[in-house]
Amino acid sequence: MHPLDIDQLRTLVAIAESGSFTRAAEAVNKTQSAVSMQMKRLEERIGREIFAKAGRGVRLTDDGERLLDYARRIVRLQTECLATFDEGDLAGRVRLGLPDDYVDRYLPEILGRFARTHPRAEVTVICEPTDMLAERIAAGDIDLAIVTEAKGSPKDKGRRTIETVRTEALLWVTSSRHAVHAEHPVPLALGRPACNWRRAAIEALERGGRDSRILFVSWNSTAVGAAVLAGLAVSVLPESALRPGMRVLGPQEGFATLPACRIGLMRHRSGEPNPLADILAGQIRQCLDNLGLAAE
């Protein structure tokens with residue numbers, strides 16, 4: 001059995017991410033006819049149709065979607081492997097964005113590891129909400145972003161694929177020294193209206209017939225946590241973000257189970273090689289996969 005051609009798989013990924021054969025051809029520096037021929041040979045190799053007609057364009061078939069999943073993993077592993085052995089004394093800059101919800105928990109391990117392996121590289125860190133980071137990724141202002149995935153959507157507004165790298169429980173939290181969760185209506189400390197966690201919390205309370213009021217709003221998770229620890233309000237946090245002095249609430253206290261918190265990785269794809277971003281992306285995957293949950 002002949003092995004899969006990594007160049008063909010790379011082109012398949014480019015088609016999926018760019019949305020067309022024409023843009024993919026530009027990304028992989030080939031002619032459109034060469035891209036079409038590569039996909040024809042790839043279909044012949046696996047003995048399945050990868051694309052089907054959809055109006056004037058094409059779409060991936062179910063078999064094509066399955067192959068795309070493997071292609072992304074194979075291409076990513078090859079890129080990381082080559083970067084590891086070819087990196088030498090890499091210098092340069094890589095730009096990383098993430099919401100401040102994840103800074104305390106994830107960033108020390110990520111930056112520490114990257115600094116040890118690439119002491120001459122500069123990392124620029126930008127802390128903003130997920131939707132603003134997605135805009136920066138699309139504009140090419142940052143290379144990587146750790147983001148919170150919206151429920152049921154593998155795409156951010158159709159612009160970029162989000163790769164899930166970690167899943168945690170999203171929990172109701174209150175102060176362990178106060179009983180603010182028993183108040184009616186229950187006071188809440190949450191993010192701004194566009195925040196996925198805020199929407200999930202309010203929807204859960206409404207389904208349960210529990211009255212609530214927004215008492216405190218902030219983009220900053222540390223500020224929201226301070227309102228919780230002060231006994232002023234109830235909030236929602238991913239499991240790894242629990243802090244000493246917080247108590248988890250559940251259905252027995254009238255707080256329904258919330259949807260899981262999916263943490264994803266976004267990449268800016270410019271078509272130009274970016275070995276530092278490739279290496280940092282690989283280390284982020286490993287760090288988030290290896291991190292345990294916060295101590296109780």
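Visitor: What makes arginine 247 and glutamate 253 a salt bridge?

Guide: The closest N and O atoms of arginine 247 and glutamate 253 are 2.8 Å apart. The cut-off is 4 Å between a side-chain nitrogen of Lys or Arg and a carboxyl oxygen of Asp or Glu, so the pair counts as a salt bridge. Bear in mind that this is a predicted model. By this rule the count comes to 12 salt bridges.

Visitor: Why is arginine 247 called partly exposed?

Guide: Arginine 247 has 32% relative accessibility, and partly exposed covers what lies between under 20% (buried) and over 50% (exposed). Glutamate 253 gets that label too, with a relative accessible area of 21%.

Visitor: How do you know that arginine 262 and glutamate 149 form a salt bridge?

Guide: Their closest N and O atoms are 3.5 Å apart, and the rule asks for within 4 Å. Arginine 262 sits in strand S14, while glutamate 149 is in the loop between strands S5 and S6, so the pair ties together parts that are 113 residues apart in sequence.

Visitor: Is glutamate 149 buried or exposed?

Guide: Buried, because its relative accessible area is 5% and the limit is under 20%. Arginine 262, at 26%, is partly exposed.

Visitor: What makes aspartate 63 and arginine 66 a pair?

Guide: The closest N and O atoms of aspartate 63 and arginine 66 are 3.1 Å apart, which gives a salt bridge. Both lie in helix H4, 3 residues apart, about one turn of the helix. In an α-helix, residues three or four places apart point the same way, because there are 3.6 residues a turn. Arg48 joins Asp63 and Arg66 in a network of salt bridges.

Visitor: Why is arginine 66 called exposed?

Guide: Its relative accessible area is 54%, and exposed means over 50%. Aspartate 63 has 23% relative accessibility, so aspartate 63 counts as partly exposed.

Visitor: How do you know that the buried residues of H7 line one face?

Guide: In H7, the buried residues are Trp197, Arg198, Ala200, Ala201, Ala204 and Leu205. Seen down the helix axis, they fall within an arc of 165 degrees, so they line one face of H7. Glu206 and Arg207 are exposed, on the face turned away from that buried side.

Definitions and conventions
Residues are numbered from 1 along each chain as its sequence is written. This is a predicted model: local features need pLDDT of at least 70, side-chain atom pairs count only at pLDDT 80 or more; totals for chains, interfaces and linings use all residues. Side-chain values use heavy atoms; hydrogens and water are left out. Buried means under 20% relative accessible area, exposed over 50%, partly exposed in between (1.4 Å probe, protein chains only). Helices (H or I, at least four residues) and strands (E, at least two) are DSSP runs, numbered from the N terminus. The arc is that of the directions from the helix axis to the C-beta atoms.
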